[in-house]
Amino acid sequence: MANISNCPASIIKDAALALKQGHLVAFPTETVYGLGADATNEKAVARIYEVKGRPTDHPLIVHISSINNLDKWAKDMPEYAIKLARAFWPGPMTLILPRTDLAKNFITGDQNNVGIRVPSHTVALALIKEFEAQGGMGVAAPSANRFGKVSPTCADDVKAELFNYLKSNDKILDGGSSLVGVESTIINCLNATPFILRPGAITAVMISNLLGIKIEVVTKNHNDPIKSSGLLESHYSPIARVYLSGTPEPGDGFIALRKFLTPMGVTRLASPTNNEEYAKTLYQSLRLADFKKINKVFVIAPDGDDIAVAICDRLKKASIKSE
Ligand code: TXA
Ligand code: MG
């Protein structure tokens, strides 16, 4: 399998062609790495599910290069959704919108809506643009990890997750470490007012400020809990057990802001200086725990109404099996 460093135009062109031919291309985004396929090719999309080991009725996010292509995939959009798209795309935000006929059931998990995102990572944008130039409509891409596991934030982590499942014509593009480090904010835009399904770097405060209304975070999908894997109670899990309270003992792992001292004999897995750095390093530090064969990781979750909300959401899900 090809693992490509840097991404000159010729590499991007080949990767876009691979997508057009029905192969899979893992690529960097500013949030986490995605496992991409042509969103109109049922067979290619089926391979995403196979490679991830993910239930086939879970919907996928379609990635497009610009707001100008939005009406290919979505229709009857509320005005606030257009405002959100104009303000925060390209960027770490996914909008759930009523679908057009282009968004087939194999993308939407049989739902009448579709998740759309315009990522800001230059490699992601270049790939999607080239794919569109070759006649493509959009790239379906979940995070490039096995189902229920920690999302990869660099090409090596994609390789570690999926090497055994990818084929010789599939590709992994290397675009360095993802800057944000946690997945996009998902906003449900199907009702008179929007609400957040999955918190991320575009926060409730930012959305409220833009739209002038209060925004709720409803991370539990009461109507249909199974169809949104990232919304399942347990997800984003390393092999190690994650504890959000309690005191670590010698041999355990520890993740906290730098201001917290490492208890004696405990392995410090991350000591970020602020919440942004916390998000950027979170998944890598959980992977490090597994690499070091640490069984228990104690975490002091960050405070705040910024990206801390997303970090706490993921930590809670990562910790569920230990409660
Ligand atoms: O940052 C991200 O969003 C990354 C990068 C690669 O773009 N992608 C990502 O995809 O996190 P995924 O599939 O790992 O997580 C997307 C979540 C899943 O829980 C999926 O079920 C949910 O979004 N989702 C996608 N389309 C949906 C829809 N139409 N309705 C409800 N939930 C949806
Ligand atoms: Mg995921």
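**The open sheet and its helix**

Guide: Strand 11 and strand 14 run parallel and are joined by three bridges. One such link sits at Arg241, whose bridge partner in strand 14 is Lys296. Strands here are DSSP E runs of at least two residues, and helices are H or I runs of at least four, numbered from the N terminus; two strands pair when DSSP finds at least two bridges.

Before we go on, this is a predicted model, in which local features need pLDDT of at least 70 and side-chain atom pairs pLDDT 80 or more, while totals for chains, interfaces and linings use all residues. Residues are numbered from 1 along each chain as written, chains are lettered from A and ligands numbered from 1 in written order, and side-chain values use heavy atoms, without hydrogens or water.

Four strands make it up, with parallel pairing, in the order 11-14-12-13. At its edges are strand 11 and strand 13, each of which pairs on one side only. On average, neighbouring strands are turned by 30° against each other, direction ignored.

Now for the helix. Helix 9 lies across strand 11, strand 12, strand 13 and strand 14, and runs at about 135° to strand 13 (axes are fitted to C-alpha atoms, for helices over the stretch in contact; angles between N-to-C directions run from 0 to 180 degrees). Helix 9 covers residues 275-291, which is 17 residues, and its first and last C-alpha are 24 Å apart, close to the expected 24 Å (1.5 Å times one less than the number of residues). There is also a kink of about 45°, centred on Thr281 (the angle between axes fitted to the seven residues ending there and the seven starting there).

Both ends of helix 9 are worth a stop. At the N-terminal end, Asn274 is the cap, with a side-chain oxygen 3.2 Å from the backbone nitrogen of Glu276. Just after helix 9 comes Lys293, with a positive phi of about 55°.

Which residues of helix 9 are buried? They are Asn275, Tyr278, Ala279, Leu282, Tyr283, Ser285, Leu286, Arg287 and Ala289 (buried is under 20% relative accessible area with a 1.4 Å probe, protein chains only). These buried residues pack against strand 11 (241-243), strand 12 (253-255), strand 13 (267-270) and strand 14 (296-299), and also against helix 7 (155-162) and helix 10 (308-319).

Asn145 is in the loop between strand 7 (139-140) and helix 7, and it is buried, at 2% relative accessible area. Its side chain makes a 2.6 Å polar contact with that of Ser143 and reaches the backbone oxygen of Lys149 at 3.2 Å. (A polar contact is an N or O pair within 3.5 Å; within protein one atom must be able to donate a hydrogen and the other to accept it, and sequence-adjacent residues count only if both atoms are side-chain atoms.) Beyond its neighbours within four places in sequence, Asn145 is in contact with Lys52, Val150, Ser151, Pro152, Glu161 and Leu162 (heavy atoms within 4.5 Å). Lys52 is itself one of the buried residues of helix 2 (residues 42-52), and the buried residues of helix 2 pack against partners including strand 7 and helix 7.

Conventions
Buried < 20%, exposed > 50% of the residue type's maximum accessible area, 1.4 Å probe, protein only.
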